[in-house]
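Hello,

Here is the structure we spoke about handing over. My notes on it follow below.

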Amino acid sequence: MAIGDVGIVSAPRPVTLRNRIRVLLDREQFLGPMFVTPALILIVLLVAYPFCMALYFALSNAFIGRPSHLVGLRNFINLWDSDAFRQTFQNAFVFTGTAVACKLVLGISLALLLNQQLWFKRLIRGAVLLPWVIPTALSTLGWSWMFNSLYSVVNWTGIALGIMHPPGPNWLGQQYYAMTAVVAVNVWRGLPFFAITILAGLVSIPKELYEAAEADGAGSVARFWYVTLPMLRPVLAIVILFSTILTFSDFNIVYVLTHGGPINSTHLFATLSRQIGLESGRIGEGAAISLYLFPVLAFVVYAQLKFVRKEA
Amino acid sequence: MGSRKLRSKILSHVLLVPFLLFAVFPFYHMTLTSLKQDRELYDRNAIPLLITQGPTLEHYQKLLWDTPFLTWTKNSLLVTFLATGLSLVIGTIAAYALARLKFFAVASFGTGIFVTYLVPTSLLFLPLAQVVNWLGLGDSKWSLVVTYPTFLVPFCTWLLMGYFRTVPKEVEECAMVDGASRIQALWRIVLPIAVPGLVCAALFAFTISWNEFIYALTFTSTSDQITASVGVTSELIRGDIYFWGSLMAGAVLGSVPIVILYVFFLDYYVSGLTAGAIK
């Protein structure tokens, strides 16, 4: 643009409505709030408000189709008298702890392998990521067939390889096996996220660090321990925090695979909350159960905001 | 290539085999089961890893003609496309405002979006069911179009904020000096540059809403309103009787739209997953 044009561009425009709107829209103080309003309405109406309702339900004796009264913290306390809830509480920690630990160890291993020189890189990555893209409810249905008490392909393979004694465990019908099965499916579904994200972290580690470590005589184990792991720390923190909240609040896998059984041994907060709150109609108690997810959520949010975003 | 290097390359592939089997086998088994005749499916002496007595499309025929599977799929498509489109629009403008504009409380709004992004759906489904009823959307697929944006918008906003920040501010300022309004600059300059980000956000939003289960299960129940995931997992099982052939056929067909997207846009999936932590 020639310098002479500037005068023409900035010449006062006729004050029409169109121009006034235009001037208004060019003001950040106006356009900014206008652009975030739809998202804000959505969040207030369908996230913040239901959250307050959950709090209210949890403090009341709400039952489907009946007026409710506030009962204070009674729901939260009475839950501890229920065997099903105590079992669920324990399950949630066992499930989350083992699943996240397995995903972490396997995820790092898989990422290290994917970071090597490979022949069919795209194909391999595609295969690795597949469990993450398929609808969980449907793929879990596939797993429940694989764990079927009569026709389990897992048992068939185990017996064929001589690892299991026929007929093999009834995966979904026995307590500890059921928990193992549920954890296995969660690991299967969550592993791609760990592997691919950690892989991205690996790729971004400067090669010079490894060369320097090698020059100092560090073997491959020492290089992994003193270069790779410390450099991966921020990525690992993000992945673990994300996965913790997602695993802790998991619903689909347990619902489809075991429905919480046998005898509540695989129930998680989400599945128990649905059973009590919807199937039995005790909304107050159901809401109280799902709010037990809240402390973990609050911790993850706090940790993410404090550490992760600062490092990013 | 040195023989030592070649050996380590081969070793990496060998070590990858168990991981790949673990990842892919369930789909193989699912597909295989859906193609087996019942006679072979329920034969305890048959080898479950192969089809030995001839394949059949009987389960697919049963699924498509004797069940409302096509209706469920149509519902899924409708909900997914609308929720994705809506969320993409709301998310794009919010992300642009948060990434580019200075205004009152912009930082705390950004934090709010991030916190919402972390809230799991299983925390809110009970009270949200009430809200859905009040809105007059109880047992309607439209309840899903309205509620899915609650997790899609924070996600899209978060992802797109990153993309918008990579567009140099000067490009936009140049356009504005040349007489374009801010909205024109956004529409003609910033959005075209951010197309990869938009594609990525659209793909992930599509995948997440296609895969959503707990809201769909809770808010809808009539056979002509439910989505494919809910239909296959609840309507195809009558009491304790499982029709495994049709169930697996449903699981395979219900995954097809996502697999098609996935095959075409694999690189976007990989880069999107690595761009930020994603649910």
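A residue is called buried here if 20 or more other C-beta atoms lie within 10 Å of its own C-beta atom. By that test, 42% of the 312 residues of chain A are buried. Please keep in mind that this is a predicted model.

First, the build of chain A. Chain A contains 15 helices and 0 strands. With a radius of gyration of 27 Å, well over the 20 Å that the globule rule gives for 312 residues, chain A is more spread out than a compact globule. Along the principal axes, the C-alpha atoms of chain A fill a box of roughly 90 × 75 × 35 Å. Taking the contacts in chain A between residues at least 6 apart in sequence, 66% join residues at least 24 apart.

Next, the contact between the chains. Chain A puts 84 residues into the contact and chain B puts in 78. On the side of chain B that touches chain A, helix 1 (residues 3-34) of chain B supplies the largest share, 15 residues. That side of chain B consists of 50 nonpolar, 22 polar and 6 charged residues.

Last, the nonpolar core. The largest nonpolar core has 158 residues, and A:A195 and B:F155 are the ones that touch the most other members. Helix 9 (residues 175-203) of chain A gives the most to this core, namely 15 residues. As for B:F155, with its neighbours within four places in sequence left aside, this residue is in contact with B:Y117, B:F204, B:A205 and B:I208.

Regards

Key: Residues numbered from 1 in each chain as written. Chains lettered and ligands numbered in written order. Predicted model: local features only at pLDDT ≥ 70, side-chain atom pairs only at ≥ 80, totals over all residues. Contact = placed C-beta atoms within 7 Å. Helix = DSSP H or I, 4+ residues; strand = E, 2+ residues; numbered from the N terminus. Nonpolar A, V, L, I, M, F, W, Y, C, P; charged D, E, K, R; others polar. Rg over C-alpha atoms; globule rule 2.2 N^0.38 Å. Buried ≥ 20, exposed ≤ 12 C-beta atoms within 10 Å, placed from the backbone. Core = buried A, V, L, I, M, F, W, Y, C linked by C-beta atoms within 7 Å.
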